[in-house]
Amino acid sequence: MLILGIESSCDETAAAVVEDGRILRSNIVATQTDIHALYGGVVPEIASRAHTEAIHGVVEEALAQANVTLSDIDAIAVTYAPGLIGALLTGVSFAKGLAYSANKPLVPVHHLRGHVAAVYLVEPDLKPPFIALCVSGGNTELMVAEDYTKFRFVGTTRDDAAGEAFDKCARVLGLPYPGGAAMDKLASIGNPDAFRFHEGAVDGAPYDFSFSGLKTAVINTVHTELQRGRELDDAFRADIAASFTKAVVRTVVGRLEMLLQSGEANYDVVLSGGVAANSHLRKACAETAQKYGKKLYLPPLKLCGDNAAMIAAQGYYEYLAGARADLSLNAFATKRV
Ligand code: KG4
């Protein structure tokens with residue numbers, strides 16, 4: 001069964017063709033990062049307009065690279081939540097029009113379910129149940145995937161997502177948007193104990209995450225050090241990146257370990273989302289999973305960030321479970337998985 005996936009929840013316009021939820025036939029991503037880099041972050045209205053300009057060509061390219069035409073496609077899967085509302089609406093409206101005109105079933109896909117499904121494309125043996133830890137630019141979520149389309153919520157961020165914190169800390173260090181990958185490299189050469197940043201905790205909700213206090217602590221530390229006359233050089237950047245990364249990794253891995261230790265989800269672990277590209281987080285999650293005798297499944301770097309292959313992969317399982325949308329399908333900026 002061939003699914004055409006469409007993704008436009010933030011600043012990537014993407015389309016892909018996936019066979020039976022597991023075999024990648026094509027994967028086209030048109031990124032807008034160069035445009036948003038001028039402003040130091042995503043400008044929602046600019047993102048919506050750029051999606052509108054790119055989406056038709058991106059879908060055509062995905063079909064061409066898969067060597068199929070629209071008539072070969074069995075269903076169209078589209079991200080409908082969560083994300084920037086104008087950006088989501090571009091993809092949803094385009095998918096609705098395409099499904100209606102070609103008389104194809106339309107399948108709504110939750111973006112975070114998609115991030116988790118990215119791993120299906122490279123791990124043919126992976127099947128639920130498993131622990132799903134999704135760490136991305138807009139979301140940080142600890143879940144249990146009880147089945148392909150049944151998720152149990154465990155913990156979420158109460159404020160900023162981990163990726164957002166990476167990008168804001170990178171910005172104060174003068175690194176271009178999005179700064180996550182640059183922070184990763186700098187953290188490898190810095191001293192993680194140079195600055196003491198505390199991990200955020202939420203009273204009464206031990207599995208929830210909080211990164212805004214950590215982000216503010218980093219920004220204040222950088223400003224204070226600069227006011228004291230310190231140079232914003234690579235050594236300073238590396239020490240801040242390493243100390244910040246240590247706090248993020250401890251926060252994320254701490255929740256994972258608590259869940260593994262509790263015994264209430266005695267499963268292997270899937271780490272996904274844009275920040276799953278972080279080498280320090282990958283290593284720490286692998287060590288923690290191994291400590292509890294579990295396997296860690298990871299997407300390859302090119303499937304960590306937003307893409308439509310993951311939407312098509314999850315779309316296949318949503319389709320099998322009977323999920324269908326008609327022309328009344330709406331987009332939602334926030335929606336629990
Ligand atoms: O998954 P994604 O494309 O966005 C959402 O679905 O929300 O993730 C993008 C985020 C950005 O914040 C980017 O800085 C971060 O992932 N990122 C990283 C790394 N590579 C990308 N963060 C830390 N380390 C990395 N290596």
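Which of the 20 residues around the ligand come nearest? In this predicted model, they are His111, Gly138, Asp167, Gly274 and Asp306.

View 1. An oxygen atom of the ligand is 3.0 Å from an N or O atom in the side chain of His115, while polar backbone atoms of Gly137 and of Gly163 are each found 3.1 Å from a ligand oxygen atom. Of the 560 Å² of accessible area that the ligand has on its own, the protein covers 87%.

**View 2. The shell around the ligand.** By class, this shell has 11 polar, 6 nonpolar and 3 charged residues. At least two shell residues are supplied by each of helix H4 (111–117), helix H5 (162–172) and helix H6 (180–189), and at least three are drawn from each of domain 1 (2–119 + 305–320) and domain 2 (128–298).

**View 3. The ring pair Phe195 and Phe236.** A search of the whole structure finds 10 aromatic pairs. In the one formed by Phe195 and Phe236, the ring centres are 6.1 Å apart and the planes stand at 70°, so the pair is edge-to-face. Phe195 lies in the loop between H6 and helix H7 (212–227), whereas Phe236 belongs to helix H8 (residues 234–262), so that the pair links distant parts of the chain, 41 residues apart. Both Phe195 and Phe236 are buried.

**View 4. The ring pair Phe209 and Phe211.** With centres 6.2 Å apart and planes at 15°, the rings of Phe209 and Phe211 are stacked. Phe209 is buried at 0% relative accessibility, and Phe211 is likewise buried, with a relative accessible area of 0%.

**View 5. An aromatic cluster.** Tyr120, Phe130, Tyr148, Tyr316 and Tyr317 together form one aromatic cluster.

Methods. Residues are numbered from 1 along each chain as its sequence is written. This is a predicted model: local features need pLDDT of at least 70, side-chain atom pairs count only at pLDDT 80 or more; totals for chains, interfaces and linings use all residues. Side-chain values use heavy atoms; hydrogens and water are left out. A residue is near a molecule or strand if one of its heavy atoms lies within 4 Å of it. A polar contact is a pair of N or O atoms within 3.5 Å; within protein, one must be able to donate a hydrogen and the other to accept it, and residues adjacent in sequence count only if both atoms are side-chain atoms. Accessible areas come from the Shrake-Rupley method with a 1.4 Å probe; for residues, only the protein chains shown count as cover. Helices (H or I, at least four residues) and strands (E, at least two) are DSSP runs, numbered from the N terminus. Ala, Val, Leu, Ile, Met, Phe, Trp, Tyr, Cys and Pro count as nonpolar, Asp, Glu, Lys and Arg as charged, and the others, Gly among them, as polar. Domain bounds come from an automatic or database domain assignment. Rings of Phe, Tyr and Trp (its six-membered ring) pair if their centres lie within 6.5 Å; planes under 30 degrees apart count as stacked, over 60 as edge-to-face and the rest as tilted. Buried means under 20% relative accessible area, exposed over 50%, partly exposed in between (1.4 Å probe, protein chains only).
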